[in-house]
Amino acid sequence: MIAATMMDFPLTLSHVLERAGALFGSTEIVSRLPDRSLHRYTYREFHRRVLALAAALQGLGLRKGDRVATLMCNHYAHLEAYLAVPCAGGVLHTLNLRLHPDDIAYIANHAGDRFLIIDDALLPLYEKFSKLTAFERVIVVRMSAEANALGDDYEQLIAANPVFTPPALAETDAAGMCYTSGTTGRPKGVVYSHRSIVLHTLATATVDYIGVSRADTLCPVVPMFHVNAWGLPYTALMVGAKLAMPGPHLDAVSLLDLYEAERVTITAGVPTIWLGIQQALEHEPERWRLTRGMRMVVGGAAVPEALIRALDRYDLQVIHGWGMTETSPVGLVNCTKGELKDRGDRDEELSYALRTKQGVPLPFFEIRAVAEKGVAPWDGKTMGELQVRGPWVAASYHELAEGIEQWTADGWFRTGDIATIDRAGYVNITDRIKDLVKSGGEWISSIELENALVSHAAVQEAAVIAVPHPKWGERPLGVVVLKAGMNVTRKALNDHLGPRFASYALPDAYVFVAEIPRTSTGKMMKAKLREAYKNWSWS
Ligand code: ADP
């Protein structure tokens with residue numbers, strides 16, 4: 001037997017922090033503040049302040065494994081907490097500021113959060129649920145002009161510059177936590193370890209996946225309270241990329257201004273953000289000089305082909321990815337492998353069809369699609385539930401006995417998504433199990449219909465939902481938001497879909513609405529739509 005191989009070196013975020021300070025001291029972190037001014041400092045200053053914050057938290061009594069909640073938007077102070085909390089031995093719990101106050105309170109209590117770090121602009125929100133929670137300390141980041149006496153002052157804690165005594169950290173120690181957004185029932189807590197975050201960071205940074213480098217300027221539009229902003233802040237710090245943080249200003253014009261001013265090369269967010277960007281660019285095509293070939297990482301919901309095509313016209317390159325809170329989140333990225341790219345270069349239709357798929361699994365992330373008859377072949381046709389496993393996939397939920405059925409007996413996590421996998425390993429998510437339309441024994445993919453509908457010139461947004469039907473069990477109903485001043489008939493929409501779908505898959509009826517309800521993370525609330533139209537009369 002060989003006694004020892006390599007060093008047992010823990011994969012912790014302290015290494016990411018120290019590396020950022022030692023190697024990339026002059027790299028900038030720019031944040032847009034509530035008053036729209038730009039706050040700027042370097043990694044060197046960031047590193048110093050993170051250590052001061054970590055020490056201050058220890059001074060306030062933070063113990064190993066204690067949860068520290070944040071209620072903040074994307075800016076330098078949130079980034080400081082991203083590193084200071086786990087490096088001090090705590091667990092960073094990012095609270096979703098778009099949730100109902102009662103839900104925020106439920107989540108903070110369920111997680112057992114001891115401390116809260118909060119933007120002063122969000123204190124009115126905090127006041128709505130403060131009576132329901134029991135934070136021992138509330139630390140306020142003051143950025144707005146209004147004075148507020150509540151809590152400890154973030155800057156004063158840092159200015160005291162206490163000495164940090166790094167705790168011994170094991171790579172399996174908890175480092176962060178995030179609750180699922182609750183599209184599928186009560187929010188469930190997922191706890192990330194130092195090791196899972198480090199491995200996720202390494203894997204996403206590789207060039208065939210998200211591929212972030214020291215030469216990049218990265219702008220995470222995806223909120224830092226949504227699955228660690230897809231891990232991108234950690235990725236940037238590990239490779240030494242400049243960060244441009246949008247703060248609370250997430251409208252298309254503010255984002256485009258920031259991209260131009262800071263020469264952003266890579267940005268990330270959900271499809272609805274890019275629909276807004278597309279409209280702003282169409283409205284004023286000459287206004288902004290963006291970096292050519294800027295990459296837009298898009299995930300959280302399927303990316304319509306029409307959006308990829310539209311952004312291509314502005315030389316903005318969509319990188320489509322898939323993930324879940326339970327998978328840290330990134331599991332699949334569409335990186336168009338060599339041989340497929342060659343085929344795609346010769347055939348534009350094929351290229352776009354490929355790019356709308358969710359992509360191939362990252363290294364160490366394993367996938368299978370499980371149909372009723374067992375594991376589905378990789379034939380691009382057979383639909384099954386996507387099941388995954390890997391070092392950054394949750395093994396259980398935080399203090400929750402229910403939900404255990406999400407894991408199979410042989411150790412895979414059931415995503416609840418229906419997918420096909422093609423011969424080259426590209427996954428196409430066709431639906432969430434509960435959103436599938438089951439008509440007369442056939443499965444109809446609502447995502448594919450929605451993507452095709454938004455490529456119609458009159459359609460702004462579309463949802464396709466299952467509605468009970470006396471003969472077929474369920475039939476698809478299209479819920480459509482039209483572009484301003486546009487009109488369209490059912491026949492025109494179905495003629496548009498006709499060439500791409502079997503006739504049984506076409507919606508039997510459409511309703512036209514002013515907007516489609518969305519969750520706090522930008523997903524369409526189909527459950528709400530199903531409820532609203534459950535008594536639809538098909539006659
Ligand atoms: P929740 O599960 O509470 O809605 P998540 O943010 O974890 O919150 O959502 C994960 C789900 O989002 C996935 O299971 C999938 O249904 C959907 N999703 C994420 N990315 C994509 C994508 N690129 N295409 C289609 N669906 C996606």
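Tutor: The accessible surface of the chain comes to about 22800 Å², of which 54% belongs to carbon and sulfur atoms, the areas coming from the Shrake-Rupley method with a 1.4 Å probe. This is a predicted model, in which local features need pLDDT of at least 70 and side-chain atom pairs count only at pLDDT 80 or more, while totals for chains, interfaces and linings use all residues. Residues are numbered from 1 along each chain as its sequence is written, and side-chain values use heavy atoms, with hydrogens and water left out.

D173 sits in the loop between α6 (154-159) and β8 (174-179), where helices (H or I, at least four residues) and strands (E, at least two) are DSSP runs numbered from the N terminus. Because its relative accessibility is 19%, D173 counts as buried, a term that means under 20% relative accessible area. Leaving aside residues up to four places away in sequence, D173 touches K64, A168, Y192, S193 and H194, contact meaning heavy atoms within 4.5 Å.

Of the contacts in the chain with a separation of 6 or more, 67% are between residues 24 or more positions apart. Taken along the principal axes, the box filled by the C-alpha atoms is roughly 70 × 65 × 50 Å.

Note on methods. Buried means under 20% relative accessible area, exposed over 50%, partly exposed in between (1.4 Å probe, protein chains only).
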